[in-house]
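My entries follow the display.

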Amino acid sequence: MKEFIIAPSILSANFACLGEETQKVIEAGADVIHFDVMDNHFVPNLTMGSMFCQALRDYGIKAPIDVHLMASPVEELIVSFAKAGASNISIHPEATIHLDRTLQLIKDHGCTAGLVFNPATPLDHLDYVMDKIDIVLLMGVNPGFGGQSFIPSTLKKLRQVKQRIIESGQNIRLEIDGGVKADNIAEIAQAGADMFVAGSAIFGQPDYKSVIDAMRKALAGVKYA
Ligand code: DX5
Ligand code: ZN
């Protein structure tokens, strides 16, 4: 398994040319494409449905697509995103009444499953569904917008989740989303993260490769546990 995964969030890409932008960031060294789905109900913003995911696949995007559902309800969206070519689908526990069943629904449709925790959401759900998830995604910001600052208490939470993953003995990725930049990525990795979403840090610069290279350089000094 690759040590560190960089997953640019296309939320901060130019939506007027999303296919080209996605291709460009893959050529710049992205491992995975992070795809933010917001419904103006679960979070105060509105973005892309499954048609956009299908459009990227039809355009020729082959990289894994990491769908982050900030929407409720999620059940029908899971089915439509799986059909549209999603690789991973991550959900927030607050977005479904039957979390165990909904994680199983993601698996049944051939995708890996992620569970997302907002900054103030306790980790208790992990006590019961650790065997059903492939990714734990911690939000470093309150979801809804790109370009926010990383909330420092997330570092402590990362360490707690990393410990739980080690104790479980399972192959689970620890993904971080929100406020990740080249100058804090090493500290975040040190706390346990191994998959990094970055939106504004990458798409806010003209040269995506130089940002991704700077992130990898910062990560090179961190020991992967
Ligand atoms: C926030 C989204 C993030 C967002 C991160 O609600 O889930 O994926 O794109 O953006 P940055 O990296 O700019 O904080
Ligand atoms: Zn996201």
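I first looked up R173, which counts as buried at 6% relative accessibility; buried means under 20% relative accessible area, exposed over 50%, and partly exposed in between (1.4 Å probe, protein chains only). This is a predicted model, in which local features need pLDDT of at least 70, side-chain atom pairs count only at pLDDT 80 or more, and totals for chains, interfaces and linings use all residues. Residues are numbered from 1 along each chain as its sequence is written, and side-chain values use heavy atoms, with hydrogens and water left out.

I then noted that R173 forms a salt bridge with D194, the closest N and O atoms being 3.3 Å apart; a salt bridge is a side-chain nitrogen of Lys or Arg within 4 Å of a carboxyl oxygen of Asp or Glu. D194 is likewise buried, with a relative accessible area of 3%.

How many salt bridges does the structure hold? I found seven.

I looked up R216 next and found it in a salt bridge with D31, with 3.1 Å between the closest N and O atoms. R216 is partly exposed at 27%, whereas D31 is buried at 17%.

I turned last to the cysteines. A disulfide is a pair of cysteine sulfur atoms within 2.5 Å, and by this rule I count zero disulfides. The sulfur of C53 has its closest cysteine sulfur in C111, 8.8 Å away, which is too far for a bond. I recorded C53 as buried at 0% relative accessibility and C111 as buried at 5%.

Technical notes. Chains are lettered from A and ligands numbered from 1 in the order in which they are written.
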